Amino acid sequence: MLCQECGNKPATLHFTKIVNGEKTEFHICESCAREKGEMLPGTSGGFSIHSLLSGLMDFEKSGPSSSIGPKPQTLRCEDCGLTYTQFSKIGRFGCSSCYRYFAGRLDPLFKRVHGNTVHVGKIPKRSGGEIQDRRELDRLKQELHQRIEMEEFEDAASLRDRIRELERKLTDA
Amino acid sequence: MEKRRFAQDALSEWMRNEGPDSEIVISSRIRVARNLKHQPFPMLATNQQSREVMEQLTAVAKHDKLQDLGSFESFDLSELNELEKKVLVEKHLISPNLANDSRGGAVVLSATESISIMINEEDHLRIQCLYPGFQIREAWATAGRIDDLFEQEVDYAFDERKGYLTSCPTNVGTGIRASVMMHLPALVLTQQINRILSAITQVGLAVRGLYGEGSEAVGNLFQISNQITLGQSEEEIIDNLHSVARQIIEHEKAARERLLAESRVRVEDRVRRSYGILSHASIMDSKEAAQRLSDVRLGIDLELIQNLSPQVMNELMVLTQPGFLQQVFDERLNAEQRDIRRAELIRRYLSPKT
């Protein structure tokens, strides 16, 4: 495929731009990309994942949900001092507390980036013991429901005992 | 001094072994991002805080249990010169970000260079495991073990609903990036590659070229990695990548067979021309080198070229990068001089040993 700008060199950069659901594709060569200012990813001062992210967040600001919660302009992480406005520009958090202070506005971003908003993977073994127990408890309760519905009462009884045991452990902690 | 060795050998010890499916999958990599709970992320840390993080994490790296996985050595990035950093980047042992922009940056390398632990990159801790061939699950097993060892000693920034908290929202959750580096010359030659790559991006995976973040694949090498880190477990992420990579392997194999069956002489001609040019040229830019090395590598895999090991190709791929050339010839080189030296080096490697 040839570059759609100069028509001379082979197109090596392929962009898909989606604005308000309208998809536009670009196929251009490196030198035209440089000229157009669409700098190559990874080169200094150029286009980066972070500027892409801030694009996503700008998009969010114009959305209808922006009236809920504190105004993004005044939102600030009390631990590291990063403001939400700064975060949406650089696309990076300043510390782990940012996740808490900006919590109300982050899910739409996570949804767009990952398609999900809740972690289901690994849990730290040492510090995450309680979280692990709680996850296990949820799982056991679900299974208990299933067993009861399938009238497998013997299995259900032993599940119930394990649930009680876990619940005791969690309230003691 | 050990530092010399890390910066001088182009082929990491771990690359000397042939992994499964190594005629298509060059390497498998896992990178795990972690942060400490009570310290600001590197971007906002003061110099003092960066130093504390570095000292705390390098101390953990000296732990006995880590030594069970091999012998490790740590390097303060500020003690490395520009060329040494460049070389480590070209070997994929550190990221360009750690080399150029970090404060209080350090790297802990295993003797085989299979494990690289970066400190104060974008996140406090980045654990990277590289395996030869198609061994993404093995790489995760090792990275997971190292992650557990660190977690025994330090408090991670972790949230029940958001998982491991990272500086960049694209890494939050599991914090893992799993990737395989694939050599796909036959899919490129038969012009099936674009169709396949666009299919890959539709199942939540990303594709990029070998060196740097640029989208152009140099030498028919493609790195395929997961994009999603939140809402999928590590096993799901790895299984997804594994099954997609497995399908691409099968497509590439089929394409190679078809090439041999339908246009054997043409492929043979292409491979031999590239071999001839590499063996005799006086000027070789990096792009041409990558393409011709890819041709020769294909020739070796298809048994059209004998007496050359695939490892030589892997080694030359790294050796012909700008930083390495300057290291090998021990002089600063401009672009034109590099092209001359590159050709010289390749000729030396490919000339029949007498």
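Which residues are buried in helix 5 of chain A? The legends below refer to a predicted model.

**View 1. Helix 5 of chain A, residues 103-114.** The buried residues of this helix are A:Arg105, A:Leu106, A:Leu109, A:Phe110 and A:His114. They line one face of helix 5, because their directions seen down the helix axis fall within an arc of 135°. A:Gly104 and A:Lys111, on the other side of helix 5, are exposed. From first C-alpha to last, the 12 residues of the helix reach 16 Å, close to the 16 Å expected at 1.5 Å a residue. A:Gly115 follows helix 5 and has a positive phi, near 75°.

**View 2. Helix 12 of chain B, residues 322-329.** This helix is mostly covered, with six of its eight residues buried. Among the buried residues are B:Phe324, B:Leu325 and B:Phe329, and also B:Gln326 and B:Gln327. The residue after helix 12 is B:Asp330, whose phi is positive, near 55°.

**View 3. The interface between chain B and chain A.** Here 45 residues of chain B are in contact with 39 residues of chain A. The two chains bury about 3,500 Å² between them, 58% of it on carbon and sulfur atoms. Of the area that chain B buries against chain A, 17% comes from B:Glu151, B:Glu160 and B:Pro169, more than from any other three residues.

**View 4. Polar contacts and salt bridges between chain B and chain A.** Seven salt bridges are counted between the chains, along with 23 residue pairs in polar contact. In the salt bridge of A:Lys122 with B:Asp148, the closest N and O atoms are 2.9 Å apart. Helix 6, strand 7 and helix 9 of chain B each give two or more residues to the side that touches chain A. Helix 6 of chain B gives the most, with seven residues.

Definitions and conventions
Residues are numbered from 1 along each chain as its sequence is written. Chains are lettered from A and ligands numbered from 1 in the order in which they are written. This is a predicted model: local features need pLDDT of at least 70, side-chain atom pairs count only at pLDDT 80 or more; totals for chains, interfaces and linings use all residues. Side-chain values use heavy atoms; hydrogens and water are left out. Helices (H or I, at least four residues) and strands (E, at least two) are DSSP runs, numbered from the N terminus. The expected span of a helix is 1.5 Å times one less than its number of residues. Buried means under 20% relative accessible area, exposed over 50%, partly exposed in between (1.4 Å probe, protein chains only). The arc is that of the directions from the helix axis to the C-beta atoms. Contact means heavy atoms within 4.5 Å. Buried area is the accessible area (1.4 Å probe) that two parts lose on being put together, summed over both. A salt bridge is a side-chain nitrogen of Lys or Arg within 4 Å of a carboxyl oxygen of Asp or Glu. A polar contact is a pair of N or O atoms within 3.5 Å; within protein, one must be able to donate a hydrogen and the other to accept it, and residues adjacent in sequence count only if both atoms are side-chain atoms.
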